[in-house]
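This briefing covers strand pairing, aromatic contacts and charged side chains. Keep the structure open while reading.

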Amino acid sequence: MMQSKGSNSKVSNMVFRTRISSLLISMFAIFASFYVAGRLWQDAQNRVYLIKELDRVTGLGQSAISVDDTLKIIACREQHKTLSALEMDLAIARQEGFTSKRSSDTSAAVSKRKPLVVIGVLTRFGRKNNRDAIRKAWMGSGETLKKMEKEKGVVSRFVIGRSADREDNLDRSIDDENRQTNDFIILDQVEAPGELPKKVKMFFALAADKWDADFYAKVNDDVYVNIDALGATLSSHLDKPRVYIGCMKSGQVFSEPSHKWYEPDWWKFGDKKSYFRHASGEMYVISGALAKFISINRSLLRTYAHDDVSAGSWFIGLDVKHVDEGKFCCSSWSTGLSFFLPLSI
């Protein structure tokens with residue numbers, strides 16, 4: 001009898017403990033269900049909000065963000081970085097004490113002024129005489145070059161590629177010249193006549209990455225540029241967000257491989273074989289937004305046989321203002337109104 005009572009007591013205790021465990025597990029499962037349901041509801045609300053925001057940004061059924069929106073996003077990121085840098089500078093200044101000298105503030109403001117234009121002078125191996133003539137005529141060197149950048153907002157650099165035989169005498173001569181003048185943009189691509197369109201594309205892309213300028217210009221290394229006249233005209237176009245300035249022309253597309261101006265993609269230009277309107281290659285200018293567009297899409301933008309045609313093709317499908325500026329044309333040389341003249345070497 002005593003043994004039977006003991007057994008019954010143990011069984012009762014086990015049943016009681018099992019019921020408590022089951023009750024605790026049930027309560028935990030209920031709380032877990034409420035938690036999961038709450039998180040799912042919150043995630044659903046977040047998805048609805050994100051979908052609405054996406055619809056608002058992309059507009060009526062658009063499947064991609066526009067070029068303008070892309071540039072705005074880039075501008076916002078750059079402004080955020082600038083703001084963060086300024087906050088860090090302010091914190092450092094508070095620790096070290098502010099400089100109250102007006103001359104120091106003025107010189108700092110001038111040195112940080114946004115460039116009006118970055119000019120890329122496209123040059124080649126064996127053209128040092130041309131480069132020296134340009135430095136003497138309008139570009140300057142050393143302190144003169146820096147002064148033009150600070151006072152006129154004009155940055156000018158020679159643009160050249162690398163030899164097919166890397167680090168040969170051609171490369172070394174350019175490196176030596178650049179160590180003396182510090183006025184080159186040396187591209188990581190082969191310097192060859194057939195690579196000129198790609199060379200121009202890389203100049204615009206790299207210049208836009210390095211300088212935040214209002215305009216970017218391509219110039220040949222055999223012309224004289226009137227910097228003051230160019231600056232005055234470009235300033236009159238600052239109100240245009242996307243502008244392409246030059247001596248606008250169109251010309252015959254040559255399909256004969258033996259012709260000097262042979263175009264391998266001649267069949268793409270229709271039965272009349274005439275190029276679309278584009279700026280003549282001696283000199284043309286694009287606004288900052290277009291240079292950034294080239295920088296972002298450099299791997300997608302194709303090139304044709306000529307750099308001026310290639311540049312014109314990049315802007316065909318964009319909302320761009322084409323400005324046919326007579327002062328960029330060779331016909332204006334005789335009138336003395338041209339921005340540039342043939343350079344006497």
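Tyrosine 284 is buried, at a relative accessible area of 0%. The model is predicted. Tyrosine 284 pairs with phenylalanine 204: the ring centres are 6.3 Å apart and the planes meet at 45°, so the pair is tilted.

**Aromatic pairs**

- Phenylalanine 204 is buried too, with a relative accessible area of 0%.
- Ring pairs join Phe203, Phe204, Tyr244, Tyr284 and Phe315 into a cluster.
- The count of aromatic pairs comes to five.
- In the pair of phenylalanine 158 and phenylalanine 184, the ring centres are 5.7 Å apart and the planes lie at 40°, so this pair is tilted.
- Phenylalanine 158 belongs to strand E2 and phenylalanine 184 to strand E3 (residues 184-190), so their contact ties together parts 26 residues apart in sequence.
- Phenylalanine 158 is buried at 0% relative accessible area, and phenylalanine 184 is buried at 10%.
- A charge also meets a ring: arginine 302 lies over the face of tyrosine 304, 4.5 Å from the ring centre.

**Strand E4 and its partners**

- Strand E4 (residues 215-220) has six residues, and five of them are buried, so the strand is largely enclosed by the rest of the structure.
- Strand E1 (residues 117-122) runs parallel to E4, joined by six bridges.
- Within that pairing, glycine 120 has lysine 218 of E4 as its bridge partner.
- Strand E7 (residues 278-287) pairs with E4 in the antiparallel sense, over five bridges.
- There, phenylalanine 215 is bridged to serine 287 of E7.

**Salt bridges**

- Side chains of opposite charge can pair when their charged atoms come close.
- The count of salt bridges comes to 23.
- Arginine 162 takes part in a salt bridge with aspartate 171, at 3.8 Å from N to O.
- Arginine 162 is buried, with a relative accessible area of 18%, and aspartate 171 is buried at 2%.
- Aspartate 175 also forms a salt bridge with arginine 162, with the closest N and O atoms 3.1 Å apart.
- Aspartate 175 sits in helix H6 and arginine 162 in strand E2, so this pair ties together parts 13 residues apart in sequence.
- Aspartate 175 is partly exposed, at 23% relative accessible area.
- Elsewhere, salt bridges with shared partners join Lys128, Arg131, Asp132, Arg135, Glu177 and Asp183 into one network.
- Aspartate 132 is partly exposed at 31% relative accessibility, and lysine 128 is partly exposed at 39%.

**A buried charge without a salt bridge**

- Aspartate 168 is in the loop between strand E2 (154-162) and helix H6 (169-181).
- What is the nearest side chain of opposite charge to aspartate 168? That side chain is arginine 172, 6.5 Å away.
- Aspartate 168 is buried yet has no salt bridge. The cut-off is within 4 Å, from a side-chain nitrogen of Lys or Arg to a carboxyl oxygen of Asp or Glu.
- A polar atom of the aspartate 168 side chain lies 3.1 Å from the backbone nitrogen of leucine 170.

Terms used
Residues are numbered from 1 along each chain as its sequence is written. This is a predicted model: local features need pLDDT of at least 70, side-chain atom pairs count only at pLDDT 80 or more; totals for chains, interfaces and linings use all residues. Side-chain values use heavy atoms; hydrogens and water are left out. Helices (H or I, at least four residues) and strands (E, at least two) are DSSP runs, numbered from the N terminus. Buried means under 20% relative accessible area, exposed over 50%, partly exposed in between (1.4 Å probe, protein chains only). Lys and Arg count as positive and Asp and Glu as negative; His and the chain ends are not counted. A polar contact is a pair of N or O atoms within 3.5 Å; within protein, one must be able to donate a hydrogen and the other to accept it, and residues adjacent in sequence count only if both atoms are side-chain atoms. Two strands pair if DSSP finds at least two bridges between them. Rings of Phe, Tyr and Trp (its six-membered ring) pair if their centres lie within 6.5 Å; planes under 30 degrees apart count as stacked, over 60 as edge-to-face and the rest as tilted. A charge sits over a ring if NZ of Lys or CZ of Arg is within 6 Å of the ring centre and within 35 degrees of the ring normal.
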